[in-house]
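Subject: A structure for you to look at

Hi there,

Here is the structure I promised to pass on to you. Have a look at it first, and then read my notes below.

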Amino acid sequence: MGRFSPRSLLLGLAAPLGALAFAVLVCAVILGVTGHSPLDTVDAMVSAAQRPRTFVNSLNSATTYYLAAVAVAIGFKMKLFNIGVDGQYRLAAMLSAALAGATFMEGLPSFLRVALTVVAAMLVGAGWAGVAALLKVTRGVSEVISTIMLNAIATYLVSYLLNPARLAEDRPGSNNVGTRPIDGGGQVAGLEIPGSSSQLFGLVFLAALVGFGYWFVLARTRFGFELKATGLSESAAVASGVSVKKMVLVSMLLSGAVAGLVGMPQLLGSSYSYSLDFPPGIGFIGIAVALLGRNHPVGMALAALLWGFLDNSSNSLDVAGVPREIVGIMQGVIVLSVVVAYELVRRYRVRAEQRDVGTALGRTKTAEEASA
Amino acid sequence: MPTEPAAGGEPAPAVELSGITKRFPGVTANSDVNITVRAGTVHALVGENGAGKSTLMKILYGMQQPDEGQIRIGGVPTAFGSPADAIKAGIGMVHQHFMLADNLTVLENVVLGSEPRAGVRLDFRAARERIREISAAYSLNVDPDRVVDDLGVGERQRVEILKVLYRGARTLILDEPTAVLVPQEVDELFGNLRELKAEGLTIVFISHKLDEVLSVADDITVMRRGTTVASVSPREVTSRQLAELMVGSALPVPELRDSTVTDRPVLTVTGLTVTGADGRTVLDGLSFTIHAGEVLGIAGVEGNGQAELVEALMGIRTPTAGTVRLGGENITRASTRHRREAGIGYVPEDRHRQGVLLEATLWENRVLGHQTRRPSSRGALLDLKGAKADTERIVRDYDVRTPGIGVHASALSGGNQQKLIVGREMSADPVLLIASHPTRGVDVGAQAAIWEHIRRARAEHLAVLLISADLDELIGMSDTLAVILRGRLVADYDPSTVTPEQLGSAMTGAGRED
């Protein structure tokens, strides 16, 4: 919300860049204290960034993180904390993987198969989030508590279902189990990037589409307006005719549906099966990315890219003899400091705006007027 | 002018503020404020909302530190770092909003924070004695063992005063003490103040109710736009002159011209009953009708069911019994959205809670409550262009002082936020306006403008439910007046003949004259 002016752009960038700089500083100190050269580390990261392979892998990770961030941000926009994105995407990925790999799907046209898989994932994600939404709307249960518990339940449900007796099969030659692999017709082809052995996820475009949809709904539709209004002041939203219960239900379902998409780029573009080693914890990365990107469609994209790059450069750090854990420290410091930085910037912005109004009206306001 | 506590002559002023200036970023709250409060007097500080009275008192009470200027207490230059310092110097503050724990007794509330100890034990007995002594000495009539929850508003205020005296205050600051009282309670309070004065205490009394100030104060200081503009004696000024000093110009008067009341009922409420969350009946069988072109004023002490009535009419609260009809339609169970679309405008009592989104732009606030209607939206999509153009119109027609419609509502003063709300609720041709305290906290100019807009809409057959704590506004702006007491409508009055005192009696249920 707000005007687009050089100042607002600058202020918008000040907090994340400041947090990033602060995190770099903290990491440099930690590296220095533990006897590693900060410069070598930067060097290793820079040379990693120049490798097309790191670039592609970063973009692939970012695709996944971005979807998770959007799922979280939908809730954040109305002060609803969907901590359950993690459980939602794992359950969705697992069940849709089982569906996509099922033999009866093999006769279907490729496009329909992919669409069915994606829709199934969204439905499962929405359904799992819907449990928390229903509990909140009918019984007043905090969504924070219920989604955390649903994450745990999802973990057990997935490991129960991921069993050769049920939806999974043994992987010959390893002790891994996974759903029946999706054959070529159910996969989404990746994009070849010159100089890189890995492919770019085809579903990177799905993430872009979701980002666009997120922006459009929030900025241009009545529903989006009501969602933001509810987040800014629930009591004012109620007085304006918004049914908060309905908003909680719908936004939670939407958040869950997007969470359902989180596993899709990986499932349909690279692993083709949900197995024990499917990446966990992405829901929590989504929270960090949404915080860093301030729930803004472009901001979250940049944040997701940064996160993806940091993750993928950690391999090169190992090679350079720098402990890769420094990346985790850096990510943690970024999240902590960006929260502080955003609050500082917000306060500054409010004061600056009041000053502007005062100047524009030819006199300064009294403090009581400003706070009245 | 050096003040020396000379023996025999005038004693040093209890409080002397000279050249006080306080700036906040972008805002000067006080500039060059000078006040001399003689010991043993009631000194009134008057000024409009936003004139800087509260900031000044926060400085005197140590909650804020001045950028410039000096504070002298009893002739001695002093600097307060915190309220604790002020209390030590014998200054006590009675806040406008009571700071009492409802579920504790008077005794426990009074000692809270300065608990009397005997060794490690709390010594309630000594404390109880002291409270009785203080209560008797100043005729405060406070029983230390009653639970605050059972006390009325006037009694709670006396507990607040006692709390301050208990901590040894010799100078009391009372911030708008009468805002929450009905006329009879005001008289009692003034009796207490005279008692305190007779015992040699000094009182600084903040108010914008001029008749009260004239009746109780020994000296009056007028503030306007952050500075002191005059020091007068109540014997030398009329309340009208005082008001014009406060405003710096002539005053508007709330009054309706010719009656525009028609016989077409717009809002018909029958037997409306609302039960609170605790099972208590907060509205008890209310019935009334508002016709097109009629303003129905509801008078009552805050907390007698006004808020519940408004919320029941807006569909925010579900009634347990009764019906609400708008025109011919039964809307008892209709959603808030449906009611708004059917033409109910709503100016809420607490604009920050229900009226505006502080962290949203003015045009987004224009959309709020109108998001399903033109010009704010078309179908499921927002009409940004239409909404912005209409916001420009409201800013122009309602004189909202703002550099543009893209600023956040939080950047505007309360009065300008209120004008935006009134402008918004008056757009889209409402048939009924529910206005709770529509001019609370706005300056005189904005007040006159809001009254004029209501009058004009009334002439075009708008029905208005007006709830206000300002009895002059109620009497001046209403075609019909009703009094609400403990969730019931207890009396009807003709606004052309009723006096504020009669209303006050009916509001407390004290002297019912029927």
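**What I found in chain A**

In chain A, 49% of the 372 residues are buried. Please keep in mind that this is a predicted model. As for secondary structure, chain A has 15 helices and 2 strands.

How does the radius of gyration of chain A compare with that of a compact globule? For 372 residues such a globule would come out near 21 Å, and chain A has 23 Å, so the two agree. Along the principal axes, the C-alpha atoms of chain A fill a box of roughly 80 × 55 × 35 Å. The contacts in chain A also say something about how its sequence is brought together: among those between residues at least 6 apart in sequence, 76% join residues at least 24 apart.

**A sheet in chain B**

A quick reminder before we go on: strands of a sheet pair through backbone hydrogen bonds, either parallel or antiparallel.

Chain B has an open sheet of 6 strands with mixed pairing, and you can trace it in the order β6-β9-β10-β3-β11-β12. Which strands sit at its edges? They are β6 (91-94) and β12 (227-232) of chain B, each of which pairs on one side only. On average, neighbouring strands of this sheet are turned by 20 degrees against each other, direction ignored.

Inside this sheet, look at β9 (residues 171-175) and β10 (residues 202-207) of chain B, which pair in the parallel sense over 5 bridges. One pair to find there is Leu174(B) with its bridge partner Phe205(B) in β10(B).

Helices go with the sheet too. Helix α5 (residues 153-166) of chain B packs on it, touching β6 and β9 of chain B, and the direction of α5 makes about 165 degrees with that of β6(B). Helix α8 (residues 239-247) of chain B lies across β3 (42-46), β11 (219-224) and β12 of chain B, and α8 runs at about 35 degrees to β11(B).

**Further along chain B**

With β15 (residues 295-299) of chain B, β23 pairs in the parallel sense over 4 bridges; here Leu296(B) has Thr480(B) as its bridge partner.

What separates the two strands of the hairpin of β23(B) and β24(B)? There are 2 residues between them, and in this hairpin Arg486(B) takes a positive phi near 45 degrees.

Enjoy exploring!

Best wishes

Technical notes:
Residues are numbered from 1 along each chain as its sequence is written. Chains are lettered from A and ligands numbered from 1 in the order in which they are written. This is a predicted model: local features need pLDDT of at least 70, side-chain atom pairs count only at pLDDT 80 or more; totals for chains, interfaces and linings use all residues. Two strands pair if DSSP finds at least two bridges between them. Axes are lines fitted to C-alpha atoms, for helices over the stretch in contact, and angles run from 0 to 180 degrees between N-to-C directions. Two residues are in contact if their C-beta atoms, placed from the backbone, lie within 7 Å. The radius of gyration is taken over C-alpha atoms; the globule rule is 2.2 Å times the number of residues to the power 0.38. A residue is buried if 20 or more other C-beta atoms lie within 10 Å of its own, exposed if 12 or fewer, and partly exposed in between; C-beta atoms are placed from the backbone.
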